[in-house]
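Here are my notes on the model you sent over. Have it open while you read, and check the points against it as you go.

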Amino acid sequence: MSAVTSKRLLFQTLEKAYGSDKAASIIKEWRLWLAEHKDDPESQTWILKTAQHLGKGIKIAPRRRALKEVLNHHQKVLEDREEGKKKSEQEKPFVIAQQYVNKPLLVDGRKFGIRVWAVVIDHDPIRVYLHQNGLVLFSGDSYDEKRADDGLGNPGQGHITNYALNMNGTVWTLQQLRDHIGHDCYNAMYSKLQQNVALTYAATLPSLRAEAEKMRTPPNSTFELMGLDFMVDDQYRPWLLEVNSTPSLAVEHQDPEVLNMIYTQKNDMVVDMVKLLCVSDRFSKDDAIGGEELAGEEW
């Protein structure tokens, strides 16, 4: 599923599935797209991402400076390679640029992102199961639309909701969000979120089937758990930010009540996934691995 979980491959997958007006090469076609949409207010602010994780390598910049940032970073990467620097010491290039959601839905003046989980089983036909649980992750600071960056391209306070950058912050369940914004608004938003999930995985089908054919995988022998991150704008429209191939199952928070809530959301999801995969039918605790019995209880 690297076709969507890899930031480097994401644009290729979307471009093949939905056309160059939806996604394009960050170096070549993107600058042409910017020139064609220079008067479009929706294209004036961009968020740039490297292939790093945990909120690292992110910049927010106006349209003109965003393109300059991408080109400058690309030049530095080439220079570092020519100088023979170790890969870990090289400048990290931006691999994806996304139109920035300037008017996010706010709760008590703060921005939030939604993490949901999906399990993908097999490829022909592909089956995608979106779990009903999820987490609403808030920024630790109030949102100020006019301060998207600090002048150097670094995200302004209140603009990033990544949990790694907002440890021990406010975390809600999806049910809490529903109760806050109202059932009608929530149901409309969640219905669009489900559609976005379906379209995302539909875009992976050509590459997924090609890889399965190469590996000659038998039917019903593969699965993958992924985490999908969404931002919601002030019109209750969910925007897919990225797809994570290794969603964190860690449970961390200083507040015991929030800690327990995060545990419940993730644990229930994992239990349901194990049931969905019929693990208990395939293996029992009497099965041996390396001469030892499985230590866990039966699901």
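What follows is a set of numbered points, going from the whole chain down to single residues.

1. Ground rules. This is a predicted model, so take the cut-offs along: local features need pLDDT of at least 70, side-chain atom pairs count only at pLDDT 80 or more, and totals for chains, interfaces and linings use all residues. Residues are numbered from 1 along each chain as its sequence is written, and side-chain values use heavy atoms, with hydrogens and water left out.

2. The overall picture. The protein chain has nine helices and 11 strands; these are DSSP runs numbered from the N terminus, helices being H or I with at least four residues and strands E with at least two. Of the 299 residues in the chain, 41% are buried. Here buried means under 20% relative accessible area, exposed means over 50%, and partly exposed is in between (1.4 Å probe, protein chains only). Among contacts with a separation of 6 or more, 65% are between residues 24 or more positions apart, where contact means heavy atoms within 4.5 Å.

3. The three-stranded sheet. Look for an open sheet with the order E2-E1-E3 and antiparallel pairing; two strands pair if DSSP finds at least two bridges between them. Strands E2 (58-62) and E3 (96-99) are at the edges with a single partner strand each, so one side of each has no neighbour in the sheet. From one strand to the next, the twist averages 25 degrees. Strand E1 (residues 45-49) pairs with E2 over five bridges, in the antiparallel sense, and Trp46 stands opposite Ala61 in E2. Helix H4 (residues 63-82) packs on this sheet, where it touches E1 and E2, and its direction makes about 135 degrees with that of E2. For that angle, axes are lines fitted to C-alpha atoms (for helices, over the stretch in contact), and angles run from 0 to 180 degrees between N-to-C directions.

4. Helix H6. The 20 residues of H6 (residues 183-202) should span 28 Å at 1.5 Å a residue, and the end C-alpha atoms are 28 Å apart, which agrees. The expected span is 1.5 Å times one less than the number of residues. Which residues of H6 are buried? They are Tyr186, Met189, Tyr190, Leu193, Val197, Thr200 and Tyr201. These cover an arc of only 105 degrees around the axis, so they sit on the same side of H6; the arc is that of the directions from the helix axis to the C-beta atoms. As background, an α-helix has 3.6 residues a turn, so residues three or four places apart point the same way.

5. Salt bridges. The whole structure has six, counting a side-chain nitrogen of Lys or Arg within 4 Å of a carboxyl oxygen of Asp or Glu. One of them joins Asp229 and Arg115, with the closest N and O atoms 2.6 Å apart. Asp229 is in strand E8 (residues 223-232) and Arg115 in strand E5 (residues 110-121), so this pair ties together parts 114 residues apart in sequence. Buried or exposed? Both Asp229 and Arg115 are buried.

6. Two other salt bridges. Lys103 and Glu145 meet at 3.2 Å, N to O. Lys103 is in the loop between E3 and strand E4 (106-107), and Glu145 is in the loop between strand E6 (127-138) and strand E7 (171-173), 42 residues apart. Lys103 is partly exposed at 46%, and Glu145 is partly exposed at 37%. Asp144 also forms a salt bridge, with Arg147 at 3.9 Å between the closest N and O atoms. Asp144 is partly exposed at 32%, while Arg147 is exposed at 59%.

7. Leu105 and Tyr236. Leu105 is in the loop between E3 and E4 and is buried, with a relative accessible area of 11%. Beyond its neighbours within four places in sequence, its contacts include Phe112, Ile181, Val232 and Tyr236. Leu105 and Tyr236 are 131 residues apart in sequence, yet their C-alpha atoms are 6.9 Å apart. Tyr236 is in the loop between E8 and strand E9 (238-244) and is partly exposed at 25%.

8. Backbone angles to look at. Tyr236 has a positive phi of about 65 degrees although it is not a glycine. Asn168 also has a positive phi of about 65 degrees without being a glycine. Asn168 is in the loop between E6 and E7 and is partly exposed, at 30%.
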